[in-house]
Amino acid sequence: MALLAVLIALFALVPLGYVAVMTVTTGWDTAVSLIFRERVGELLLNTVLLMVVTVPLCLVLGVGGAWLVERTGLGGHRVWAVLLAAPLAIPAFVNSYAWVSAVPSLGGLWSGVLIATLSYFPLVYIPAAATLSRLDPAIEQSAASLGLGAWRAFYRVVLPQLRIAMTGGALLVSLHLLAEYGAFAMIRFDTFTTAIMVQYQSTFNGTAGNMLASVLVFLCLILLLGEVRSRGNARYARVGSGAQARALRLSLHRYQLPAQLSLLALTALAFGLPLTFVLRWIVAGGPAIWTAAEFMPALLQTLMYGLAGALATTVVAFPMAYLAVRHPSPFSKALELSNYITSSMPGIVVGLAFVTVSIRAVPGLYQTSTLLVAAYVLLFLPRALVNIRSGLAQAPKELDEAAQALGKPPLLAFLRVTLRLTAPAAAGGAALVFLAIVNELTATLLLSPNGTRTLATEFWSKSSEIDYAGAAPYALLMIVISAPMTYLLFQQSKKAAGQ
């Protein structure tokens with residue numbers, strides 16, 4: 001297991017090694033001239049402003065929505081709990097496509113903020129809702145007994161308990177903002193990712209594109225370090241005997257109607273509008289756009305790559321998760337960290353790394369399905385790793401030992417006990433990887449073999465040609481496939497909260 005985990009970690013560091021080697025081989029003078037120039041300053045300003053505005057908005061919407069659903073007497077809170085997670089089923093580039101259909105003049109920073117906020121606030125809402133649902137109400141009762149009102153208790157007591165959920169959600173939103181290509185390209189808003197893609201398409205892995213990639217990776221590493229430092233050392237677990245009391249929901253009184261209208265507006269903009277315009281373009285296109293010869297190959301290839309990538313990622317994640325749970329050590333933590341660093345990189349950087357490495361080292365792998373699946377594994381490994389690690393933690397090793405004591409060989413005991421107990425968690429991780437692959441665009445555009453047609457690439461091809469009616473079936477199919485996986489993610493968060 002240790003040997004397999006080391007090999008996987010070395011494989012995972014290929015993109016980071018690519019960026020480092022490209023930066024060094026470019027030469028100091030050339031690198032400085034390419035990095036410290038006006039264009040890079042413009043891209044950096046756009047990217048930083050996008051994050052500075054979007055992340056706080058996502059935090060406000062995500063935490064506010066979670067608090068209303070989990071801690072107040074909001075009418076229909078169970079329905080709202082699902083609806084606030086629903087926008088994750090719509091890829092950001094499909095969201096952008098719908099908004100451009102509604103407002104063709106859309107473009108620039110504030111349009112990017114609008115689309116990104118509506119696409120990514122559930123990444124904060126889901127962990128915040130899970131944390132609030134299992135938060136011990138005793139601390140709020142203690143605050144009330146000391147004279148704090150409901151609002152002051154929220155800011156002084158509840159909000160600090162959401163620190164990990166908020167920093168983790170903010171990190172996810174920030175990384176998505178750095179990685180997103182399609183949503184911002186469609187509204188003509190330049191970021192590092194869109195600029196790198198333009199450089200790649202014009203000069204094929206040119207030096208300028210490589211230097212932009214190095215800056216992008218540097219930003220990703222800064223975000224990772226910032227998130228680790230912002231966690232702090234506070235204790236968030238409940239200490240004491242006895243069962244945890246059920247939280248009393250705060251009555252909204254006259255705020256009930258404004259709360260309902262606010263959530264209705266949010267879900268209408270984030271989920272209702274994109275779905276409406278997708279269906280509108282389908283009606284406008286008529287039966288002609290549903291030609292099986294057009295969309296069936298894309299659907300089948302998307303399912304094929306999704307299943308292959310999910311299976312490969314789950315298998316690759318197992319040795320790392322096994323070491324982390326059964327043999328925890330600084331060594332296993334370092335191996336696990338290498339995967340998180342790589343997965344934080346945008347798909348375009350991973351794609352460029354695989355293009356360069358395959359052409360120079362293994363030409364036979366260039367533009368093959370194997371290379372594309374390998375990129376999916378690196379990009380989405382943590383989604384499987386976290387789930388498998390959780391499943392292994394709930395499968396005590398003493399059960400393996402008991403099976404061996406009853407005469408079962410170690411391998412057979414592992415297969416019949418530990419593996420079976422871990423299977424549901426592994427299946428959940430595989431489902432989340434499958435969802436990510438279905439909606440992945442940039443790495444697929446860079447690495448897919450000639451003739452490959454996935455729902456995401458066909459949607460992008462049609463929408464780039466302003467054939468919005470032709471793109472609609474692919475958008476709808478992505479939403480239909482993503483919806484069950486999004487619900488699974490929501491249910492997993494509730495299960496982790498003990499509900």
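Here are legends for a few close-up views of this predicted model. Residues are numbered from 1 along each chain as its sequence is written, and side-chain values use heavy atoms, leaving out hydrogens and water. Local features need pLDDT of at least 70 and side-chain atom pairs count only at pLDDT 80 or more, while totals for chains, interfaces and linings use all residues.

View 1. Side chains of opposite charge can pair when their charged atoms come close. Here a salt bridge is a side-chain nitrogen of Lys or Arg within 4 Å of a carboxyl oxygen of Asp or Glu. Arg39 meets Glu42 at 3.5 Å, N to O, and Asp190 at 3.3 Å, N to O. Arg39 and Glu42 are about one helical turn apart because they sit three residues apart in helix α4 (residues 38-71); helices are DSSP runs (H or I, at least four residues), numbered from the N terminus. Arg39 is partly exposed at 32% relative accessibility, and Glu42 is partly exposed too, at 36%. The cut-offs are under 20% relative accessible area for buried, over 50% for exposed, and partly exposed in between (1.4 Å probe, protein chains only).

**View 2. Glu458 pairs with Arg453 in a salt bridge.** The closest N and O atoms are 3.4 Å apart. Glu458 counts as buried, with a relative accessible area of 13%, whereas Arg453 is partly exposed at 22%. The structure holds three salt bridges in total.

**View 3. Thr302, Tyr305, Tyr376, Ile437, Val438 and Thr454 line the largest cavity.** A cavity is a set of points on a 1 Å grid over the protein atoms alone where a 1.4 Å probe fits but cannot get out, and lining residues have an atom within 4 Å of a point. The volume is about 30 Å³, meaning the space filled by probe spheres set on the points, which are joined across faces, edges and corners. What classes make up the lining of the largest cavity? There are four nonpolar, two polar and no charged residues (Ala, Val, Leu, Ile, Met, Phe, Trp, Tyr, Cys and Pro count as nonpolar, Asp, Glu, Lys and Arg as charged, and the others, Gly among them, as polar).

**View 4. Gly272 sits in helix α15 (residues 256-285).** Gly272 is partly exposed, at 25% relative accessibility. Ala86 is 186 residues from Gly272 along the chain, yet their C-alpha atoms are separated by 9.8 Å.

Note on methods
1 Å grid on protein atoms, 1.4 Å probe; cavity = no way out; pocket = protein on both sides within 12 Å on 5 of 7 lines; lining within 4 Å. Helix = DSSP H or I, 4+ residues; strand = E, 2+ residues; numbered from the N terminus.
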